[in-house]
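Let's take a friendly walk through this model together.

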Amino acid sequence: MRACLATPAIVLRAKPYGESDRIVSFLTEMHGKITGIAKGAKRSRKRFVNSLEPFSLVNLRFYERPQGDLVFILSSDLLFSFPKLVTSLDRISFASYLVEITDGLVGEGQEDRLVFQHLKNGLRYLNETDASLRFLTSFELKLLNLVGYQPVLDRCKRCAKDRRDHPSSRWHFSPRDGGILCEPCSRLRKETLPLGAAAVEVLTDLQAKDSSTPARRSLPSSVVSEIRSVVMRFIQYHMEREIKSAPFLYRFASI
Ligand SMILES: [Zn+2]
């Protein structure tokens, strides 16, 4: 008899399957990302009542199956639904983005409790506080760090030229190299994005601090735009696909 496993989990996405089933992906606290089949999900209110909606925090019980990737979902009990996330379009959009990039950067079955905590904290923050690009950028940088893609921002990734020795230099970001490049090195790469000294400084600052730290100052829109382009392009590079929930973010102008 296979053991039934139980773990807190966040619903990442769900889609109908056949007449009455659903295929659901979860980020779990104990077993990484898993995808499973919820048999009779459309009919069984008892086992799945309101607990397969995206962003829901649930207690998941499932059986692993020896063959195939899909687990068999026994039940999903709602622990917390983050109710305020659905009260405004901004919050839904931000939450969708957090879930989508976490889903895209985490592989199936890679156990990582810190990533689960990070997504849970992010959704909780959005549920209680107004969304901002500053929060979002901090969330992205910490997520990149947790999954092993922390961008190198203190020196040129190719020639190791130290950024502090060249404070007024123009820098470029190379998604493929995973960090900044100096002007001469950037000419050797096809795909780089401009990143001025002010933008690198802000990114370095956000990488070191908690997102709840108040902003030091308001930033010119050109700097915000450089930062957003670089971080999103870098995430997309590792996800290897378009970020569907990203376009709305361009409506926000300040960080
Ligand atoms: Zn260089």
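Helices (H or I, at least four residues) and strands (E, at least two) are DSSP runs, numbered from the N terminus. The model is predicted, so local features need pLDDT of at least 70 and side-chain atom pairs pLDDT 80 or more, while totals for chains, interfaces and linings use all residues. Residues are numbered from 1 along each chain as its sequence is written, and side-chain values use heavy atoms, leaving out hydrogens and water.

Start with the loop between strand S5 (71–80) and helix H2 (89–105), where you will find Phe-82. Phe-82 is not a glycine, yet its phi is positive, about 50 degrees. Most residues other than glycine have a negative phi. With a relative accessible area of 2%, Phe-82 is buried (buried means under 20% relative accessible area, exposed over 50%, partly exposed in between, with a 1.4 Å probe and protein chains only). H2 is largely enclosed by the rest of the structure, because 13 of its 17 residues are buried.

Now move to the zinc ion, coordinated at 2.3 Å by the SG atoms of Cys-156, Cys-159, Cys-182 and Cys-185. Donors here are N, O and S atoms within 2.8 Å of the metal (3.2 Å for Na, K and Ca); water is not among the atoms, so sites may look incomplete. The donors follow the spacing C-x2-C-x22-C-x2-C along the chain. Cys-159 is partly exposed at 40%, whereas Cys-182 is buried at 3%.

Finally, Ala-160 lies in the loop between helix H4 (133–146) and strand S6 (171–174). Ala-160 also has a positive phi, about 70 degrees, although it is not a glycine. Its relative accessibility is 48%, which counts as partly exposed.
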